[in-house]
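The following exercises are to be worked through with the sequence and the structure at hand. Each task is followed by a solution in steps.

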Amino acid sequence: MLYRIRRSFFWIPVLAAAFAGVFLSCERPQEPPPRTAVPAEPDLGEAIMALAAGKTANAAADAGILINALNGAGLPPELAVRLEAAAAESPAFILDLLSCLEGDPFLRRLVDKSHPLPEGYEPEDLAELSPGSYEVGRRGLMLRRSAAEALERMAAAARAGGVVLTASSAYRSYAYQVEVYGRNVQEMGREAADRESSRPGYSQHQTGLAVDFGSIDDSFARTGAGRWVLEHAARFGWSLSFPDGYEDATGYRWESWHYRYVGEDLAAFIDTWFDGIQQYALQFIHAWEGLRRP
Ligand SMILES: [Zn+2]
């Protein structure tokens, strides 16, 4: 049974009263509001405020969608239950979710073994990485501008702490990923290649938002850079994509060196609500946005 509105969502009218400065005892209008008063496609913020206010039919639908997304996103059941309770208890979860849904949709786009990028996708604002606060493994590495700037901010903080980050791999085009994946299949066989490299079209590197640091092997985790970036990345909007012990969820073995830029709001959302597991947060957002689409 997926669709149900919990009694615990009853905090919502209380919150609405505080927001709107009205009393719960206000009488409902006798007539339904004129059609023109309700936008045909309210934006998400309005829908959630309406949800919080508990005063429109859409609000109830959106509350149902939230529950359905949590339960239909393929999350571990105990995580879904915990988040459902948290969402019902206070508006913090919904408000944090909202802040992640503003801006560039590619920051939150689910790109994994079963969710490819749009065919032929190529980011428009790729910028070449220039060594400064960080080193580069080779010339010509590129990231999208927002990610390149966030990398610079993170690397400057690392360097201030005596740690030098090295970007070893960044944007990879579809065509380049054909080579990388093909070479891995030749060297290690398809099954092993699939554990640590993506089929073309399915790579986070093709988004222009992902970086591999340092040695691109397990030894990176034991370096000063590996430890520093694990501890501080989220503050700069970066998130470890394939953590240790989550191969069943991500489809990839642990990659201590692979980080994706998701923006500071989403990085905080991942850490606060999803135990730092990017895959779960993106699966949830994917489910939520899919259900909200007409
Ligand atoms: Zn990578």
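**Exercise 1. Compare the span of helix α7 with its expected span.**

Step 1. Helix α7 covers residues 174-188, which is 15 residues; helices (H or I, at least four residues) and strands (E, at least two) are DSSP runs, numbered from the N terminus.
Step 2. The expected span is 1.5 Å times one less than the number of residues.
Step 3. From its first C-alpha to its last, α7 reaches 21 Å, close to the 21 Å expected.
Step 4. Just after α7, G189 takes a positive phi of about 90°.

This is a predicted model, in which local features need pLDDT of at least 70 and side-chain atom pairs count only at pLDDT 80 or more, while totals for chains, interfaces and linings use all residues. Residues are numbered from 1 along each chain as its sequence is written.

**Exercise 2. State the strand order of the open sheet and explain which strands stand at its edges.**

Step 1. The five strands follow the order β2-β4-β5-β7-β6, with mixed pairing; two strands pair if DSSP finds at least two bridges between them.
Step 2. β2 (135-136) and β6 (238-240) each have a single partner strand, so one side of each is left without a neighbour in the sheet.
Step 3. β4 (residues 166-169) and β5 (residues 210-213) are antiparallel, with two bridges; A167 has F213 as its bridge partner in β5.
Step 4. Helix α6 (residues 145-160) packs on the sheet and touches β4, β5, β6 and β7 (258-261). Contact requires C-beta atoms, placed from the backbone, within 7 Å.

**Exercise 3. Describe the pairing of β7 and the directions of its residues.**

Step 1. β5 and β7 run antiparallel, joined by three bridges, and A210 stands opposite R260.
Step 2. β6 and β7 also run antiparallel with three bridges, and S239 stands opposite R260.
Step 3. In a regular strand the side chains alternate between the two faces of the sheet.
Step 4. H258 and R260 point one way from β7, and Y259 and Y261 point the other way. All four are buried, that is, 20 or more other C-beta atoms lie within 10 Å of their own.

Technical notes:
Contact = placed C-beta atoms within 7 Å. Axes fitted to C-alpha atoms, helices over the stretch in contact; angles between N-to-C directions. Buried ≥ 20, exposed ≤ 12 C-beta atoms within 10 Å, placed from the backbone.
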